[in-house]
Amino acid sequence: MGLDRLAWRILAARPLRTLLTTLGVALGVGVLSSSLAMSAGIEAAVDRTVRDVVGSADLRVAAFLEGGLSEATVEAIRMTDGIEVAAPSIERRTFLGAPVTSAGAEAREAVTVVGIEPVAWSRLHELELVAGARLARIDEPSALITESLAEADGYILGSELRIQGHDQPTTLRVIGIIAGPGPVAGAAGRAVIVPVDVARSAFGLEGVTRVDIGLADGVSARDVAERLAERLTLEPYVLSSPADLAEGLRASTADFQATTALVAAIVLFVGSFLIVNTLSMTVGERAREVGLLRAAGATRAQVVRFVLAGALVIGIAGSAFGLVLGLLLGSLMAGSVRALTGFPAEVSSLNAGSLAVAFLVGVAITIAGAVEPAIQAARISPVEALRARLDLPATRRARLGWLALVFVAVAILALLAWPPAAGATGADRALGVYAVLLAATLATPFVLPPLARILGSPLAAFVRLEERLARGSLARDRSRTALTLGALVVGLAMIVALGWTAQAARNAATAWLADVVPGDEVVTSIRPIGPGEAIRGQLAAIEGVRSVTPIATFDLAIRGLRFDAAAIVGADFLADGRLTFIDGERAAALRALDVGGAAILPLPAAERLGLGVGDTISLALGAGTTLDLRVVGVVERSIPGDGGEAILVGWRDASGPIGVPGADVFAVRFEDGAGPAAREALETAARDAALEANPLSRVQGAVTDALGRVFGLFDALALVAVLVAALGIVNTLAMGVVERVHEIGVLRAIGMTRRQASRMVVVEATILGLVGAVLGAVVGLGVGAVLLFLSGGLVASAGLPWASIAIAAVLGLAGPAIAAWYPSRLASRVSIVRALKFE
Amino acid sequence: MPPILEAHDLTKRFELGESSVEALKGVSLAVQPGEFVALMGPSGSGKSTLLQLLGGLDQPTTGAVVFEGEDISHLSDDDATRLRRERTGFVFQAFNLIPLLNVRENIALPFTIAGQDTSRGELRDRIREVITLVELEGKERHRPDQLSAGEQQRVAVARALVTRPSVLLADEPTGNLDYTTGGELLDALWKSCDSAGQTVVLVTHDARAAAYADRVFVIRDGRIRDEIDLGRRPDHSAAPLIARLAQVGL
């Protein structure tokens with residue numbers, strides 16, 4: 001019989017241990033492969049979205065200002081050397097159906113209207129029609145709609161379609177149905193494509209939203225970009241390539257991918273504890289056999305191979321099973337990405353690359369985990385092995401040292417498999433967290449005895465002997481206990497850390513909105529509502545409404561950089577007591593906004609621009625004109641924009657030189673004591689005007705719900721780590737029983753009952769759980785502090801995550817207690833006669 | 001006086017997969033209170049199995065074990081545990097001390113298992129008494145790995161005696177000891193029997209150890225082949241036993 005076959009037999013001799021370890025590897029690989037599959041899914045979705053957005057265009061010039069790109073700019077683009085196709089288009093969100101102001105009209109879901117120049121546009125974008133014909137002219141009163149919209153709203157070819165624009169609805173005829181959800185990103189399948197002049201007329205626009213560019217053969221995008229920079233001087237614009245768009249889309253999921261990859265790496269790390277422990281146990285248990293092999297002439301290399309062969313079997317089986325688990329987990333993750341970002345990530349197909357990477361990483365980590373036990377096995381002296389068990393202090397030192405090496409190996413593998421979109425910052429954060437966890441694990445053997453003594457002492461009052469023996473058992477092989485406990489601590493720590501991060505994020509989001517929104521209710525519109533429209537007055541006239549303040553969000557260009565901005569009524573914010581000023585005099589600053597020529601900066605923007613109160617910002621407004629605004633205040637938090645906090649300007653500047661057409665949000669404050677009737681009346685009025693009214697608490701709830709969904713997924717992944725740790729506990733406790741079977745036999749022989757023998761193991765698990773819960777909470781707070789510190793969210797008001805600590809405590813106690821079930825049965829069933837024969 | 005321990009036609013069969021081994025094939029014997037009895041025989045003769053049945057560690061396939069007038073052959077696990085804890089004491093060849101516990105804790109173990117407080121009162125005195133009996137004063141705080149083999153076995157004897165069991169059962173207690181240390185241990189067992197009236201059942205394959213007994217049962221192939229009545233003899237000379245064993249071909 002070859003040594004490899006002997007290795008297989010040894011694994012088969014301890015089926016439970018082998019199974020649990022294999023399962024541990026499978027869970028690690030499952031999380032990794034799902035993380036990779038999700039990343040691949042996101043990549044595919046990015047490509048798909050970019051294709052939908054720009055088609056085969058090589059460049060895109062997008063309008064920066066509300067007025068869009070003027071005809072002169074479009075013409076300048078067309079006339080630029082190297083550009084073969086320039087396809088201008090307009091994109092607006094609106095409603096279909098009856099005019100929004102008519103009483104009793106039923107508000108439907110919004111649609112995205114895209115106005116195109118049919119000929120130019122079709123050269124860059126593919127449109128698959130399932131019925132009807134394409135648009136032919138830029139002014140025909142026709143529309144193409146998506147199949148999804150047709151099915152949802154009951155349109156067919158020839159139907160009349162009414163688009164709500166800036167004035168009277170525009171009536172069009174449906175002449176074509178586009179396959180499926182259509183090619184418009186972010187429209188959720190509700191897209192209407194119309195001729196560009198029709199869109200221009202419907203929405204009262206002069207400019208266009210963007211121009212997609214197709215380059216002539218052999219022309220480089222960089223050269224054209226330089227030429228455009230020289231020619232397009234009339235108004236600010238954003239030039240992007242498909243790669244830029246893809247990068248932006250990837251960035252929106254970067255944090256998610258980074259955290260997922262981090263948790264995956266941690267689960268693998270915990271899995272590696274299990275592997276090192278299991279194989280060390282096997283080697284220790286088989287020291288005699290190994291010694292015999294050595295005595296019979298086996299070389300050290302053969303012994304190493306013998307141990308690695310066992311690991312290989314576990315690695316291959318575990319990794320293969322892990323791939324199956326990964327598919328299930330991947331679907332769960334993709335669902336979370338969709339829920340969070342609306343991004344169409346799918347994990348619907350097998351990705352050979354992801355599967356191969358996850359499989360190889362699983363096998364590699366299993367082998368890495370087996371190297372230390374293999375070296376220990378090779379070092380066994382035949383004489384020593386035949387005399388006693390392998391339990392040398394040196395082994396412990398080597399094992400802890402090896403753990404550090406396994407950490408490095410896992411870290412390197414994790415970095416190799418790190419999702420590119422997660423970025424370097426995410427990797428830094430992961431390494432920081434990882435280092436804290438490793439330090440905690442390495443410190444575990446030293447804090448275990450005193451902690452076990454302290455935490456076990458209450459148990460001693462009830463089960464003194466069991467507590468004493470259990471504690472002694474935990475101290476018997478401190479490195480093994482440390483690895484087992486380390487895995488539990490890491491899992492629980494992640495739950496506490498993620499819980500704390502989630503809590504801080506929720507608190508921050510809730511406090512942010514409460515600090516900056518001057519209302520109890522937020523009424524949003526998908527189209528700008530101009531100052532001349534009666535809606536604001538109608539809302540303000542509702543009984544119980546104290547104030548209605550209009551807010552518009554838009555972009556500003558300062559020193560060539562894009563900033564979020566918001567137009568507000570300073571007096572309303574002053575009266576309502578919103579905004580926390582860090583610099584500047586509150587009342588004067590808010591009044592200055594209404595007068596005009598002033599701006600209030602959020603702290604991040606002030607720091608980015610290096611500006612303070614009294615400085616001036618110069619806004620590029622197009623056609624070479626600028627608008628200077630004096631900084632009158634710096635606030636701690638501001639209105640949230642698309643990518644950050646908004647620079648606040650007054651409506652006089654916004655609707656004047658900046659050209660903001662109207663408000664997209666109204667913040668409504670009720671009178672004190674206004675009952676639910678006021679809220680109901682407001683919501684009815686909003687609905688009638690095709691607006692959406694939501695209580696601020698619901699907006700806050702939606703934000704915290706979204707955060708909850710994301711962190712819920714991370715918690716689920718951290719739970720996998722706890723599960724892997726629990727498998728390790730089963731292994732360790734069962735091994736403890738097997739090692740002590742003689743001792744248990746003796747105890748039984750001199751009068752210990754089966755219940756006491758069983759209780760001894762349960763007490764051991766309980767002490768392990770207590771120590772794990774305490775260390776998990778402490779380490780979790782450490783990891784959480786690192787995460788919060790790196791994200792700038794570590795503030796005194798964050799508060800401690802008591803709920804997460806409680807969950808970790810419950811899991812810390814329940815996990816080991818459940819894990820102890822089998823080993824405790826094993827202990828209670830020890831046959832005295834056989835145990836006494838067992839030396 | 002009725003026997004303290006009786007075996008009636010005991011058999012014990014061990015199932016080993018598809019085959020089975022009959023370790024005992026109808027053994028009967030009786031032990032009187034205060035008697036020192038040796039079960040002697042070669043390896044695999046069934047003597048240790050017999051001791052396990054007599055001490056309630058295992059149950060016979062057929063037959064009965066009567067301990068102080070009570071049939072203990074088919075006790076429940078809890079009752080058998082209580083019997084072992086309160087009425088028997090065991091000494092094994094491999095000492096079988098708990099390495100985590102010190103000498104005193106190992107000796108007090110039967111009381112600790114029963115949830116009794118050994119730090120005061122009679123139990124404390126009893127523990128001190130047996131420590132004196134086995135001459136381990138001053139080593140109460142030592143752990144097993146800090147003791148010699150002889151000392152470890154004396155701790156095991158003290159642990160077996162501390163509950164003042166009705167019967168002390170010893171399975172090859174000198175098997176891991178050198179000649180001199182083994183002799184000292186047998187002296188201690190004999191002393192407890194002779195001066196305190198402790199009933200002792202000793203399993204051994206060593207004629208010198210068996211010679212401490214009042215009576216020797218010779219077991220072979222699962223059956224009692226001979227019963228040798230040596231009587232109580234302070235000199236423990238092995239010569240009469242060896243001569244008799246030679247007669248029966250052992």
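A residue is called buried here if 20 or more other C-beta atoms lie within 10 Å of its own. The exercises below concern a predicted model.

**Exercise 1. Decide how far helix α25 of chain A is enclosed, and name its buried residues.**

Step 1. For the chain as a background, buried residues make up 53% of the 839 residues in chain A.

Step 2. Helix α25(A) covers residues 741-749, and its buried residues are A:Glu743, A:Ile744, A:Gly745, A:Val746, A:Leu747, A:Arg748 and A:Ala749.

Step 3. Because seven of the nine residues of α25(A) are buried, this helix is largely enclosed by the rest of the structure.

Step 4. After the helix comes A:Gly751, a residue with a positive phi near 120°.

**Exercise 2. Describe the overall organisation of chain A in terms of secondary structure, contacts and domains.**

Step 1. Chain A contains 29 helices and 20 strands.

Step 2. Of the contacts in chain A with a separation of 6 or more, 86% are accounted for by residues 24 or more positions apart.

Step 3. The domain assignment divides chain A into domain 1 (1-52 + 258-418), domain 2 (59-240), domain 3 (432-514 + 699-839) and domain 4 (515-698).

Step 4. Between the C-alpha centres of domain 2 and domain 3 of chain A the distance is 58 Å.

**Exercise 3. Classify the packing of helices α9 and α12 of chain A, and state which residues meet.**

Step 1. Helix α9(A), residues 254-285, and helix α12(A), residues 352-379, pack at an angle of about 30°, and their axes are 8 Å apart.

Step 2. Angles under 35 degrees count as roughly parallel, and α9(A) and α12(A) are therefore roughly parallel to each other.

Step 3. The crossing in which α9(A) passes α12(A) is right-handed.

Step 4. From α9(A) the contact draws on A:Leu268, A:Gly271, A:Ser272, A:Ile275, A:Val276, A:Leu279, A:Ser280 and A:Val283, which meet A:Ile365, A:Thr366, A:Ala368, A:Gly369, A:Ala370, A:Glu372, A:Pro373, A:Gln376 and A:Ala377 of α12(A).

Step 5. By class, the residues of this contact between α9(A) and α12(A) comprise 10 nonpolar, six polar and one charged.

**Exercise 4. Carry out the corresponding analysis for helices α3 and α4 of chain B.**

Step 1. Helix α3(B) and helix α4(B), the latter spanning residues 121-133, pack at an angle of about 130° with their axes 10 Å apart.

Step 2. The two helices α3(B) and α4(B) are therefore oblique to each other, and their crossing is right-handed.

Step 3. On the α3(B) side, B:Arg104, B:Ile107, B:Ala108 and B:Phe111 meet B:Leu123, B:Ile127, B:Val130 and B:Ile131 of α4(B).

Step 4. This contact of α3(B) with α4(B) has seven nonpolar residues, no polar ones and one charged residue.

**Exercise 5. Work out how the two domains of chain B touch, and then how chain B touches chain A.**

Step 1. Chain B is assigned domain 1 (1-76 + 166-250) and domain 2 (95-164), with C-alpha centres 25 Å apart.

Step 2. Domain 1 of chain B brings 10 residues to the contact and domain 2 of chain B brings nine; on the domain 1 side, helix α6(B), residues 179-196, gives the most, with six residues.

Step 3. That side of domain 1 has six nonpolar, three polar and one charged residues.

Step 4. Between the chains, 20 residues of chain B are in contact with 18 residues of chain A.

Step 5. On the side of chain B that touches chain A, α2 (77-86) and α3 (103-113) each supply at least two residues, and α2(B) gives the most, with five.

Step 6. The class count for this side of chain B is 10 nonpolar, four polar and six charged residues.

Note on methods:
Residues are numbered from 1 along each chain as its sequence is written. Chains are lettered from A and ligands numbered from 1 in the order in which they are written. This is a predicted model: local features need pLDDT of at least 70, side-chain atom pairs count only at pLDDT 80 or more; totals for chains, interfaces and linings use all residues. Axes are lines fitted to C-alpha atoms, for helices over the stretch in contact, and angles run from 0 to 180 degrees between N-to-C directions. Helices (H or I, at least four residues) and strands (E, at least two) are DSSP runs, numbered from the N terminus. Angles under 35 degrees count as roughly parallel, over 145 as roughly antiparallel, 65 to 115 as roughly perpendicular and the rest as oblique. A crossing is left-handed if the near helix is turned anticlockwise from the far one by less than a right angle, and right-handed if clockwise. Two residues are in contact if their C-beta atoms, placed from the backbone, lie within 7 Å. Ala, Val, Leu, Ile, Met, Phe, Trp, Tyr, Cys and Pro count as nonpolar, Asp, Glu, Lys and Arg as charged, and the others, Gly among them, as polar. Domain bounds come from an automatic or database domain assignment. A residue is buried if 20 or more other C-beta atoms lie within 10 Å of its own, exposed if 12 or fewer, and partly exposed in between; C-beta atoms are placed from the backbone.
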